[in-house]
Amino acid sequence: KKRINIAIDGPAGAGKSTVARQVADYLSFLYIDTGAMYRALTYKAIEREIDLENGPLLKELLNETVIDLKVGEEEQHVFLDNKDVTTDIRSYNVTNNVSFVARQSEVREEMVKRQKVLADKGGVVMDGRDIGTHVLPNSELKVFLIASVEERASRRYKELIEKGIEADYNTIKDEIALRDKRDSEREVAPLVKANDASEIDTTSMTISEVVDCILQLAKERS
Ligand code: C5P
């Protein structure tokens with residue numbers, strides 16, 4: 001029997017990747033972080049000093065770019081043309097510029113094509129912004145994770161402080177809000193909840209509560 005696909009969408013910092021990875025682990029499914037793909041291309045474009053709003057040029061760059069997502073011990077590793085960029089793509093510069101690259105239709109077209117191939121055989125947990133609406137519109141389970149912007153900013157803040165990285169709560173909050181605005185207001189495949197997605201507000205939930213909730217839904221749809 002073909003295994004189901006699970007689509008997880010939502011705004012920045014709603015806990016999608018943490019939750020998606022744990023759900024995938026539990027089910028022995030493959031976890032695919034589509035945000036990492038947009039980040040990897042953004043990283044390469046910044047390195048090459050390419051105009052981040054030039055869709056055709058970015059598309060050309062993407063065509064000669066290999067992005068691999070590999071399962072690691074603790075985290076997923078992202079390889080850009082065989083170089084491990086797992087840490088590089090989380091930089092401040094990439095984070096605050098990725099939305100410009102991601103709003104180019106030429107870029108999205110190619111990314112979506114690659115993502116569909118990855119999910120072809122089923123057994124995938126994929127997270128992003130347009131998975132339920134565009135990448136896997138027929139997936140058996142669609143989840144839309146939300147949380148208040150304050151809660152999302154405070155989670156990100158704690159994460160950075162724990163890693164020993166200096167951070168300012170208000171700056172983080174403003175940047176998250178701005179990225180959501182750009183992702184929600186873009187013309188191509190904006191961040192929006194699919195009609196048939198189950199919305200989970202994680203503001204006052206623990207990670208394991210959210211994971212359990214999704215596993216329960218997955219069981220019902222399998
Ligand atoms: O998920 P993450 O925050 O790493 O995504 C980074 C950015 O990539 C998002 O802010 C968005 O601009 C873009 N993205 C997207 N579509 C996806 C996944 C990410 O446009 N499916």
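Guide: The model discussed here is predicted.

Visitor: Which residues of helix 6 are buried, and what covers them?

Guide: A residue counts as buried when its relative accessible area is under 20%. In helix 6 this holds for Val 107, Arg 108, Glu 110, Met 111, Val 112 and Gln 115. Their cover includes helix 2, helix 3, strand 3, helix 5, strand 6 and helix 7 (131-135).

Visitor: On which side or sides of helix 1 do its buried residues lie?

Guide: The buried residues of helix 1 are Lys 16, Val 19, Ala 20, Val 23 and Ala 24. Because these residues cover an arc of only 130 degrees around the axis, they lie on the same side of helix 1.

Visitor: Which exposed residues does the face of helix 1 turned away from its buried side carry?

Guide: The buried residues of helix 1 pack against strand 1 (5-9), strand 2 (30-33), strand 6 (124-128), strand 7 (141-146) and helix 10 (207-221). The face turned away from that buried side carries the exposed residues Asp 25 and Tyr 26.

Visitor: Which element gives the most residues to the largest nonpolar core?

Guide: This core has 24 residues, of which Leu 41, Ile 67, Val 78, Ile 89, Val 107 and Met 111 touch the most other members. At least two residues come from each of helix 2 (34-47), helix 3 (55-63), strand 4 (76-80), helix 5 (98-102) and helix 6 (105-118). With seven residues, the element that gives the most is helix 2.

Visitor: How many of the 14 residues of helix 2 are buried?

Guide: The buried residues of helix 2 include Thr 34, Arg 39 and Lys 44 as well as Leu 41. Leu 41 touches Leu 58, Leu 61, Leu 62, Val 101, Val 107 and Met 111, not counting residues up to four places away in sequence. Helix 2 is mostly covered, and the number of its buried residues is eleven.

Visitor: Which element gives the most residues to the lining of the second largest pocket?

Guide: The second largest pocket holds about 360 Å³ of space. Of its 21 lining residues, Leu 30, Tyr 31, Leu 69, Val 71 and Gln 76 are the closest to its centre. Two or more lining residues come from each of helix 1, strand 2, strand 3 (67-71) and helix 6. With five residues, the element that gives the most is strand 3.

Visitor: Is Ala 189 buried or exposed, and which residues does Ala 189 touch?

Guide: Ala 189 is placed in the loop between helix 9 (169-185) and strand 8 (198-201). Its relative accessible area is 9%, and because buried means under 20%, Ala 189 is buried. Not counting residues up to four places away in sequence, Ala 189 touches Arg 108, Asp 130 and His 134.

Visitor: How far apart in space are Ala 189 and Ala 102, C-alpha to C-alpha?

Guide: In sequence, Ala 189 and Ala 102 are 87 residues apart. In space, the C-alpha to C-alpha distance between Ala 189 and Ala 102 is 9.6 Å.

Key:
Residues numbered from 1 in each chain as written. Predicted model: local features only at pLDDT ≥ 70, side-chain atom pairs only at ≥ 80, totals over all residues. Heavy atoms only, no water. Buried < 20%, exposed > 50% of the residue type's maximum accessible area, 1.4 Å probe, protein only. Helix = DSSP H or I, 4+ residues; strand = E, 2+ residues; numbered from the N terminus. Arc of directions from axis to C-beta. Contact = heavy atoms within 4.5 Å. Core = buried A, V, L, I, M, F, W, Y, C linked by side-chain atoms within 4.5 Å. 1 Å grid on protein atoms, 1.4 Å probe; cavity = no way out; pocket = protein on both sides within 12 Å on 5 of 7 lines; lining within 4 Å. Points joined across faces, edges and corners; volume = space filled by probe spheres on them.
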